[in-house]
Amino acid sequence: MSTLTNQGDAAAAAALHEAFPDVTRAPVEFRGDWRVPVDPGAEAEVIRYARDELGFTQLVDRLGADQGPGADPRFDVITCVYNLESHTRLIFVASVPEAAPECPTLIGVFRGANWFEREIYDMYGVTFPGHPNMTRILLPVEFDAFPLRKEYPMEGLGDFAAPRRALGGNVDGKDGRVAIPPHPGQPGPPTHDPMYPDDGEEAGS
């Protein structure tokens, strides 16, 4: 099955780069999509132009990516917009450094960017100056790390580390706050879970 999207708009990407040559770089094609690298400080202006002048009136997605420790710039803020008339889309990539991971909010252009930006902050620690509520959206406020950064361990850290049973270890559930129901076949001493009957006991009896 092909992974080509064939929805990229090469002409619109070129027009944006021509209109903003100082704050965008040459568009890049990948699997049928066209990506426009843009300076973070000018991102809102460029995307507003795409909306008002080129017809990309729908915000599809806004997400983060981590190039890894040592990369410069390290984090990407990726925004996808869609043209409902031409049925094409554009992707913008604003890259920010690890030392100052921030990108001005896009809410003034698309109100729907609100929760997307909170999720990027929650997962990567990138902040969006001008956002009206720059707080976590998925994780508790006491969580003090960013779990989609590449150095974050899969098993978690500190109080939020997964119980040993989640990693195939002891079934005691005392290592963290992640609640994973025990099931047959896990190592360690059995624990009672009301979802599962004890040996020899039928469910619902």
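Colleague: What relative accessibility makes glutamate 151 count as partly exposed?

Modeller: This is a predicted model, in which local features need pLDDT of at least 70, side-chain atom pairs count only at pLDDT 80 or more, and totals for chains, interfaces and linings use all residues. Residues are numbered from 1 along each chain as its sequence is written, and side-chain values use heavy atoms, without hydrogens and water. Buried means under 20% relative accessible area, exposed over 50%, and partly exposed in between (1.4 Å probe, protein chains only). Glutamate 151 falls in the partly exposed class because its relative accessibility is 44%.

Colleague: With which side chain does the side chain of glutamate 151 make a polar contact?

Modeller: Leaving aside neighbours within four places in sequence, glutamate 151 is in contact (heavy atoms within 4.5 Å) with Asp66, Pro69 and Arg74. A polar contact is a pair of N or O atoms within 3.5 Å, one able to donate a hydrogen and the other to accept it within protein; residues adjacent in sequence count only if both atoms are side-chain atoms. At 2.4 Å, the side-chain partner of glutamate 151 is arginine 74.

Colleague: How far apart are the C-alpha atoms of glutamate 151 and aspartate 66?

Modeller: Glutamate 151 lies in the segment after helix H3 (113–124). Aspartate 66 is 85 residues away along the chain, and the C-alpha separation is 9.9 Å.

Colleague: What arc do the buried residues of H2 cover around the axis?

Modeller: The buried residues of H2 are Glu43, Val46, Ile47 and Ala50. They lie on the same side of H2 because their arc, taken from the directions from the helix axis to the C-beta atoms, is only 95°.

Note on methods:
Helix = DSSP H or I, 4+ residues; strand = E, 2+ residues; numbered from the N terminus.
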